[in-house]
Amino acid sequence: MESLVIQGGNRLKGRVRISGAKNAALPILAATLLSEEKIEINNLPSLEDIKIFISLLQELGVQVTPASGHETGSPLQIDSSRISSFEAPHQLVRRMRASILVLGPLMARLGRARVSLPGGCAIGARPIDLHLKGLELMGANYKVSEGYVEVKARRLSGAHIYLDFPSVTGTENLIMAGVLARGDTTIENAAREPEITDLVEMLNSMGAKIAGAGTDTLKIEGVRHLSGTSWAIIPDRIEAGTYIMAAGAAGGDIEIENAVAEHLDSAIAKLRAAGLRIDCEHNIIHVRSRGRLKSVDLKTQPYPGFPTDLQAQFMVLMARAGGLSVITENIFENRFMHVAELQRLGAEIKIEGRSAIIRGVKKFTGAPVAATDLRASACLVLAGLAARGSTEITEIHHLDRGYENMEKKLRNLGADIVRVCPDTDTEQ
Ligand code: UD1
């Protein structure tokens with residue numbers, strides 16, 4: 001098992017380039033199932049989650065070139081003209097919940113899908129009831145047996161769907177189900193994340209008729225056929241937000257390139273309130289951090305509110321800020337797994353229900369810690385940069401799911417961070 005070893009204390013300086021957004025790439029890869037024509041995808045990040053999703057597409061009979069996966073920045077060609085299976089098997093779904101994103105397109109294209117139930121995961125129960133209720137309203141039937149959900153419909157029909165909660169992948173699945181359905185579909189209380197807008201714009205470039213992207217009401221006019229396209233994925237706002245906070249944790253002066261600042265409005269507002277100097281021009285975010293940050297309270301919310309995927313990283317800053325802050329997690333019920341690890345470095349945090357009450361301390365001291373999920377692992381990297389002495393982070397396979405070359409990018413900014421393979425005892 002590989003680990004990361006960080007000698008904390010170096011200030012960050014220089015430029016870092018943001019990769020394509022994982023959470024936009026996954027639904028866009030799923031959407032390639034909707035067309036019989038060839039599709040080219042650009043700016044795909046090279047990440048574990050993307051590799052798993054490509055394996056899932058191949059399992060369904062999709063031709064992917066290059067078959068072994070793409071290099072960072074090189075395009076991926078996808079040909080879904082001959083789908084040979086409608087089943088997302090357990091061994092892939094259990095590695096990545098977002099595999100559920102094949103449900104909507106398989107229903108649209110084949111009227112049938114069998115997907116292993118994602119089940120619980122480290123950050124809460126995460127059911128898929130909203131995906132299934134929406135498909136039912138469009139005329140599908142489903143049953144659950146042997147750990148799989150099997151959904152069938154002759155041809156999906158347009159429907160009026162109100163989501164009880166603006167689920168991100170739920171909205172994406174229902175958009176993809178609606179584009180080839182007979183008649184019109186309206187999705188109310190839809191999620192408004194920029195990744196959904198990217199998916200909608202890609203589908204419209206293929207001939208879909210979807211209006212309202214970025215608002216909470218989406219109107220979809222079903223069409224009979226979608227053509228091919230060439231699409232470039234938007235930059236990853238969560239990766240950009242993580243580097244802004246890395247500068248806040250370690251101190252420094254960095255430029256974040258290929259970032260869309262408007263996608264981070266709520267996070268930037270909070271970070272400015274905490275004392276970071278952030279200037280945005282074109283596609284560059286310039287961050288300067290000097291002295292101790294101030295404590296501010298925070299609540300996670302669906303977009304455009306503060307993203308849950310940056311909550312753990314923000315907690316690192318508050319754990320060393322001057323004062324008391326309360327962070328409330330409103331999206332997932334069990335997303336404070338990182339707290340126990342931060343306490344090992346000296347953080348003073350108490351959890352009460354959905355809130356973490358944080359008294360900022362002047363210093364962290366390096367310690368061995370274990371990553372528990374994707375964003376928690378990024379938070380531990382930031383904490384290690386801020387700590388005095390050495391921090392070793394194990395279970396970093398979580399980090400590799402969603403951050404491209406994080407230790408290389410940080411090393412270029414002046415951080416002392418290495419990946420260690422214990423089997424060979426080598427640094428990489
Ligand atoms: C997506 C993101 C993830 C992010 C999350 C919230 C992807 C691949 N993942 O996950 O990084 O943290 O949005 O911004 O884009 N819920 C239900 N029933 C459902 C669906 C969801 O009750 O059918 C609940 C969930 O348990 C959770 C909340 O809704 O409490 C939000 O989940 P959702 O927006 O669906 O998250 P994901 O799409 O899984």
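What follows is a short briefing on how parts of this chain meet one another.

This is a predicted model, in which local features need pLDDT of at least 70 and side-chain atom pairs count only at pLDDT 80 or more, while totals for chains, interfaces and linings use all residues. Residues are numbered from 1 along each chain as its sequence is written, and side-chain values use heavy atoms, with hydrogens and water left out.

**Helix packing**

- Two packed helices are described by the angle between their axes and the distance between the axes.
- Helix H1 (residues 22–31) packs with helix H2 (residues 48–59) at an angle of about 5 degrees, and their axes are 10 Å apart; the axes are lines fitted to C-alpha atoms over the stretch in contact, with angles running from 0 to 180 degrees between N-to-C directions.
- Helices (H or I, at least four residues) and strands (E, at least two) are DSSP runs, numbered from the N terminus.
- H1 is therefore roughly parallel to H2, a label given to angles under 35 degrees.
- On the H1 side the residues are Lys22, Ala25, Leu26, Leu29 and Ala30, and they meet Asp49, Ile50, Phe53, Ile54 and Leu57 in H2, where contact means heavy atoms within 4.5 Å.
- By class, this contact of H1 with H2 has eight nonpolar, no polar and two charged residues; Ala, Val, Leu, Ile, Met, Phe, Trp, Tyr, Cys and Pro count as nonpolar, Asp, Glu, Lys and Arg as charged, and the others, Gly among them, as polar.

**Salt bridges**

- A salt bridge is a side-chain nitrogen of Lys or Arg within 4 Å of a carboxyl oxygen of Asp or Glu, and by this rule the count comes to 22.
- Arg335 and Asp309 form a salt bridge through their side chains (2.8 Å, N to O), and this pair links distant parts of the chain, 26 residues apart.
- Arg335 is buried, with a relative accessible area of 7%, and Asp309 is buried as well, at 16%; buried means under 20% relative accessible area, exposed over 50%, and partly exposed in between (1.4 Å probe, protein chains only).
- Arg419 meets Asp400 in a salt bridge (2.8 Å, N to O), which joins strand E24 (residues 416–421) to helix H13 (residues 397–402).
- Arg419 also forms a salt bridge with Glu407, with the closest N and O atoms 2.6 Å apart, and Glu407 lies in helix H14 (residues 406–412).
- Arg419 counts as buried at 8% relative accessibility, Glu407 is buried at 7%, and Asp400 counts as partly exposed at 23%.

**Buried cores**

- A nonpolar core is a set of buried Ala, Val, Leu, Ile, Met, Phe, Trp, Tyr and Cys residues joined through side-chain atoms within 4.5 Å.
- Of the 78 residues in the largest nonpolar core, Leu29, Phe53 and Leu203 touch the most other members, and the largest share of this core, seven residues, comes from H1.
- Not counting residues up to four places away in sequence, Leu203 touches residues including Ala31, Leu34, Ile175 and Met176.
- H10 is mostly covered, with nine of its nine residues buried, including Phe314, Met315 and Met318.

Conventions. Angles under 35 degrees count as roughly parallel, over 145 as roughly antiparallel, 65 to 115 as roughly perpendicular and the rest as oblique.
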